[in-house]
Amino acid sequence: MSVSVESEPESPEIDDAVPPAHRRFGVAGWLAAGGALGLVLGLVGGVLVGPTFTRPGENSAEAGFARDMSTHHAQAVEMGMLAHQKASDSDVRTLGGDIALTQQAQIGMMQAWLREWKLGPTGSRPRMAWMPEGSAGLENGLMPGMATDAEREQLRNATGKAFDVLFLQLMIKHHLGGIHMAEEAVKLTDNAEVLRLAQGMVDNQRNEVAAFQLLLKKLDAPA
Amino acid sequence: MSISTPAGDNKRRPSAVSTGKKPPAGKSSSSTSSTSTARKSSTAGKAAGAAGRPGGKAGGAGGKGRKPITPVKVSQGRSWGPIAMFVAVGVIAAGIIGYGSWAAFKGSQPWEEKAADISGIVNYRDNPDKTLTEANHAWGPLTYKLTPPVGGNHNYNWQNCMGDVYDAPIASEHAVHSMEHGAVWVAYKNGLPADQVEKLAGKVRGNEYMLMSPIDNLDSNVSLQAWGYQLKLDSVDDGRIDEFISALRQNATVEAGATCSGGITATGTTPRDIGKDQQGG
């Protein structure tokens, strides 16, 4: 800094041929000034905008996944709690409680992400729009694998072994839909936290589907 | 820092400038530090550069009406290149900064502000009558000052709000509890044409923290409620329905993390006092 200050006294010795004002700067000078201006604006812009671009945005795959999987999970919690309360097979009861607690905890994680990203729990785009051709996977407006209102009512009213079987069948369908969505999130995201949870869902729910199928076999019912 | 700090009274003379060369290498090993060597050469380069360009800093000082010859005419043309470049850079930068700032502002706007921006919405949380939003549990039928209510004491059991679409009126005592958990209650005037009802149901079905039911003799076709908030509308096509849901669903909860499943799924306006008989047992 003071280097340039010290060099100033030397300038008067320079030849005083006067060029037109606009040429004093020269093309290189303009380019340098333009570059400097760009840098300053970029810096200011970066400080202002940076956080918006470095965290997932309103229409990001991460936000879509967090919102949609929360909803998908919420239905598994509903069905899991029903199983925990009224399944006649103790393995089914245990699984129901396990599913409800695990998925409710995961809902909490996903909702916390949204808050950290300064995003609301409700998106402005249709369900599954964050997935390539995702909206085509909706069935009557429901995400893949979700039980319909009629199926939910059927499950609420079922008792005994019929309940256990229906729960396992609905839950297999539910998990397969959830696995599909989580796999898409794994493909689309580069966010370490999202990746970790989504991959965990894929692995865990695959294992659970296998467990459901074993239980159906035990209950002598079709998968 | 060490470069810009002059070492003692050691003065550099422009004589070094004339050669534009570094001092002999042997010198740096003597009393002259290597930093001062670097400084010398940098000033030298600067001066040489200035000298190489006719004009330089003296240009401004020298413009005292001396020799206004041919170049002056050239100066009348504008340098469109640099101007265009600056304008382009400026416009792009302003656009990026402006959009980014706007998006950041919008994105981080609290839900309360988004709700307040919805025209026609009534915020009863600010109402001096605090009974409108008190939240104790109680058995039996309760009276509410608003129809539909937006809060207040309520039944121990909540109405299931897993996107449930009820086709008959439900008990406010349960629905108020659902709103305490963060649900948006979509109420419509009983008797609304089926296609309009279906339009509303499409916004509710499959979405947890939502429930929908008809109300007899409702004073508007549609009434949206969340804890402490209400918006009455005439048309199921009103864009404010989505705005209300987006701003308030889950956000309006006064019991963070509370769920919507495990609630009452039956219809009927008389609250179900499940568990009441077990009291005192």
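This is a predicted model: local features need pLDDT of at least 70, side-chain atom pairs count only at pLDDT 80 or more; totals for chains, interfaces and linings use all residues.
Local features were considered at pLDDT of at least 70 and side-chain atom pairs at pLDDT 80 or more, whereas totals for chains, interfaces and linings use all residues. Residues are numbered from 1 along each chain as its sequence is written, with chains lettered from A in the order in which they are written.

Helix 8 of chain A (residues 192-218) has 27 residues and spans 39 Å from its first C-alpha to its last, close to the expected 39 Å (1.5 Å times one less than the number of residues). Helices (H or I, at least four residues) and strands (E, at least two) are DSSP runs numbered from the N terminus. Buried positions (20 or more other C-beta atoms within 10 Å, with C-beta atoms placed from the backbone; exposed, 12 or fewer; partly exposed, in between) include A:Leu197, A:Met201 and A:Phe212. The buried residues of this helix pack against helix 4, helix 5 (90-116) and helix 7 (160-188) of chain A (contact: C-beta atoms, placed from the backbone, within 7 Å). A:Asp220, with a positive phi near 60°, follows helix 8.

A:Met81 lies in helix 4 (residues 61-86) of chain A and is partly exposed because 19 other C-beta atoms lie within 10 Å. Beyond neighbours within four places in sequence, A:Met81 contacts A:Gly96, A:Ala100, B:Ser261 and B:Gly262.

In chain B, six strands form an open sheet of order 1-6-5-3-4-2 with mixed pairing (pairing: at least two DSSP bridges between two strands). Strand 1 (122-123) and strand 2 (162-165) are the edge strands. Strand 1 runs antiparallel to strand 6 (residues 229-233), to which two bridges join it; B:Asn123 has B:Tyr229 as its bridge partner.

Key:
Two residues are in contact if their C-beta atoms, placed from the backbone, lie within 7 Å.
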